[in-house]
Amino acid sequence: QPIGRDPSPAGAPQRTFIVAEERCIETAEDVEEKERKAYQITEELEEITEDEALAEDVTVEQRGEDVVISLLSAGLFSSAKADLQGEGAEMISTLASSLAEYKDIEVRIEGHTDDRPLLPGSRYRDNWELSSARATTVVNELVNKHGFDPEKLIVAGLGEHRPVADNETREGRAMNRRIDIVIQQPRAPTEEVEAGEDMDTELR
């Protein structure tokens, strides 16, 4: 059919379809409780940073309802590679022991890089692929060696697009090359509603 031409016969009845969607049911009290829980988890996990072997490579902070453990890539991977170094495996093992105490959570593993392109001949095409591969390596370590439930793990490769420091400096680039382990609490219950239910929409 030519673009823009209505294929239905003139005068044929037209239908508008209403699609069901999920609406999150979350009160202010729910949000406050999640933030309180996130604060508690943050306080408990900050003990990890007291380990001299991890102190320089690990930070823990609360971001609203989430808790973010940032691991500098220098302690986990060789340059432009996604295989864990020996000390990287030990770092993940320490974190796994602490995270295993929290049963009712989801864990989002995010890979991040600086903004410098990979050298020609690299195994990975770009920083997207490298960051995704590194995040996947950490997830496989948690599942295969530490018994984490794969249904509660999420992998994300974000390349250079979520920097936390200035890429113009060596120190900033080192901070941007990281794995973020984001602890997420259960979603609020949902109910199924009809999209546009507040509008005067009808089948015709």
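**Close-up views of a predicted model**

**View 1. Confidence along the chain.** In this predicted model, pLDDT (the predictor's confidence in each residue, from 0 to 100) stays under 50 over residues 199-204, for which the model has eight contacts (heavy atoms within 4.5 Å) beyond four places in sequence. Where pLDDT is low, the predicted coordinates should not be read in detail. The protein has a mean pLDDT of 86, and 80% of its residues reach 70 or more. Residues are numbered from 1 along each chain as its sequence is written, and side-chain values use heavy atoms, with hydrogens and water left out. Because this is a predicted model, local features need pLDDT of at least 70 and side-chain atom pairs count only at pLDDT 80 or more, while totals for chains, interfaces and linings use all residues.

**View 2. Helix 1 and its buried face.** The buried residues of helix 1 are Lys 34, Ala 38, Ile 41, Thr 42 and Leu 45, where buried means under 20% relative accessible area, exposed over 50%, and partly exposed in between (1.4 Å probe, protein chains only). Seen down the axis of helix 1, these buried residues fall within an arc of 100° (taken from the directions from the helix axis to the C-beta atoms), so they line one face of the helix. The face turned away from this buried side carries the exposed residues Ala 28 and Glu 29. Strand 2, strand 3, helix 2 (86-99) and strand 6 are among what covers the buried residues of helix 1.

**View 3. The surroundings of Thr 42.** Thr 42, found in helix 1 (residues 28-45), is buried, with a relative accessible area of 5%. A polar atom of its side chain lies 2.8 Å from the backbone oxygen of Ala 38. Leaving aside residues up to four places away in sequence, Thr 42 touches Val 60, Glu 61, Gln 62 and Val 67.

**View 4. Strand 3 and its partners.** Strand 3 (residues 66-72) is mostly covered, with five of its seven residues buried. Strand 2 (residues 58-63) and strand 3 pair (DSSP finds at least two bridges between paired strands) in the antiparallel sense over six bridges, and Thr 59 stands opposite Ser 70 in strand 3. These two strands form a hairpin with two residues between them, and Gly 64 in the turn has a positive phi of about 65°. Six bridges also join strand 3 to strand 6 (residues 178-184), the two running antiparallel, with Val 68 opposite Val 182 in strand 6.

Notes: Helix = DSSP H or I, 4+ residues; strand = E, 2+ residues; numbered from the N terminus. Polar contact = N/O pair within 3.5 Å; in protein donor to acceptor, adjacent residues only side chain to side chain.
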